[in-house]
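Colleague: I'd like to learn how to read a model like this one, feature by feature. Could you walk me through it?

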Amino acid sequence: MEATKGKMNDKTVKLLASAGLLLVTIVWGSAFVVMKNSMDVIKPTYLLAYRFTIATAGLILIFRKQVKSMTWADIKCGALLGIFLFISYYFQTYGLKFTTASKNAFITTLYVIIVPFLHWFFNKVKPSGNNITAACIAVVGLALLSLKGDLTVNFGDFLTFICGFCFALHMVFIDRYTMCYSPIKLTVVQMASCAVFAWLVAAVFEGPCDLSAFTDRGTVVSVLYLGVISSMLCFLLQTVGQTYLSASTSSILLSFESVFGLIFSVIFLQESVTARMLLGCALMFAAAILAERTPSQKKKAKKRKSEETAEV
């Protein structure tokens with residue numbers, strides 16, 4: 001009876017974690033529209049600096065006790081996550097200057113095929129057949145959603161690929177660190193380190209900070225949305241969610257950002273929907289269902305770790 005109850009609880013927790021990651025993709029999908037409008041009046045790296053500074057301030061205010069009890073290990077691991085995250089956002093933003101939005105979105109989300117192999121390399125978790133199949137289905141779905149005929153490779157595509165690779169590293173190391181460290185502390189440090197890197201890079205490459213854009217109320221609301229909802233809340237949900245899901249499953253769920261990005265583009269930017277896009281969405285859902293059928297390697301690893309501790 002107890003074993004059955006534990007199994008049901010595990011299933012419920014995993015379902016809630018999956019729902020949390022899908023909520024993240026809904027918010028990030030809507031953030032495409034907000035980012036597009038905000039970058040018309042704020043320089044890209046300064047926009048990153050503002051949103052991650054707001055996220056850091058909010059997290060420190062809410063989780064004061066956890067921040068006070070941070071160890072040097074929490075700071076080192078969180079800072080590495082912050083480096084991966086900042087590089088991802090920075091290269092995605094500047095990659096968009098040299099390539100199309102559709103190719104930028106597609107190449108970024110190629111992390112779904114990269115994550116299982118990086119997870120294997122760094123965390124010694126071999127991808128299952130379901131992992132690889134689901135990732136391949138997701139890539140085809142993403143291609144149908146994003147690509148529109150221009151398949152040439154340019155400098156912007158290369159920058160965007162760096163972004164996607166660093167997003168993959170970010171997911172893999174979240175999976176690794178949440179086995180040992182508090183997801184809340186990791187989120188606080190990665191937001192803070194992102195903010196620091198953004199301010200430094202912006203000051204060097206984008207000149208002095210111009211606050212005149214904040215005289216517009218709409219800009220203030222947009223930046224607060226990016227900082228509080230899209231950054232503080234979403235990265236906290238991602239880090240906590242990945243505590244209970246494998247990196248491979250998380251990457252496929254997070255790639256739904258493209259699906260919701262399309263939905264919000266249709267609603268707010270009046271983009272048209274084609275049969276090809278609907279087929280792409282269907283394949284994405286199929287990939288997510290298949291990924292959910294993959295046994296939780298992370299759960300097994302945690303069990304091994306607890307057994308080793310008990311033996312000692």
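Modeller: Start with secondary structure: helices (H or I, at least four residues) and strands (E, at least two) are DSSP runs, numbered from the N terminus. Here the pattern along the protein chain reads α-α-α-α-α-α-α-α-α-α-α-α-α-α, which comes to 14 helices and zero strands. Mind that this is a predicted model, where local features need pLDDT of at least 70 and side-chain atom pairs count only at pLDDT 80 or more, while totals for chains, interfaces and linings use all residues. Residues are numbered from 1 along each chain as its sequence is written, and side-chain values use heavy atoms, with hydrogens and water left out.

Colleague: What share of the 312 residues of the protein chain counts as buried?

Modeller: Buried means under 20% relative accessible area, exposed over 50%, and partly exposed in between (1.4 Å probe, protein chains only). In this chain 52% of the 312 residues are buried. In helix α6 (residues 111-123), the buried ones are Tyr-111, Val-112, Ile-114, Val-115, Pro-116, Leu-118, His-119 and Asn-123.

Colleague: And which residues have the most contacts inside the largest nonpolar core?

Modeller: A nonpolar core is a set of buried Ala, Val, Leu, Ile, Met, Phe, Trp, Tyr and Cys residues joined through side-chain atoms within 4.5 Å. The largest has 74 residues, and Phe-52, Leu-85, Tyr-89, Phe-106 and Tyr-111 have the most contacts inside it. Apart from that core lies another, of eleven residues, including Met-35, Leu-47, Tyr-50 and Leu-226.

Colleague: What is Tyr-111 in contact with, leaving aside its neighbours within four places in sequence?

Modeller: Contact means heavy atoms within 4.5 Å. With those neighbours set aside, Tyr-111 touches Gly-164, Phe-167, Ala-168, Met-171, Ser-251, Leu-254 and Ser-255. Thr-25, in helix α1 (residues 2-38), has 0% relative accessibility and so counts as buried.

Colleague: How many aromatic pairs does the count come to?

Modeller: Rings of Phe, Tyr and Trp (its six-membered ring) pair if their centres lie within 6.5 Å; planes under 30 degrees apart count as stacked, over 60 as edge-to-face and the rest as tilted. That gives 20 pairs here. Take Tyr-89 and Phe-235: their ring centres are 6.3 Å apart and the planes sit at 70°, so this pair is edge-to-face. Tyr-89 belongs to helix α4 (residues 72-95) and Phe-235 to helix α10 (residues 217-241), so the pair ties together parts 146 residues apart in sequence. Both Tyr-89 and Phe-235 are buried. Ring pairs also join them with Trp-28, Phe-52, Tyr-111 and Phe-167 in a cluster.

Colleague: Where does the charged end of Arg-51 sit?

Modeller: A charge sits over a ring if NZ of Lys or CZ of Arg is within 6 Å of the ring centre and within 35 degrees of the ring normal. Arg-51 has its charged end over the ring of Phe-52, 5.4 Å from the centre. Lys-124 lies over the face of Phe-121, at 5.8 Å from the ring centre.

Colleague: What about the phi of Lys-124?

Modeller: Most residues other than glycine have a negative phi. Lys-124 has a positive one, near 60°. Lys-124 is in the loop between α6 and α7 (129-146), and at 69% relative accessibility it counts as exposed.
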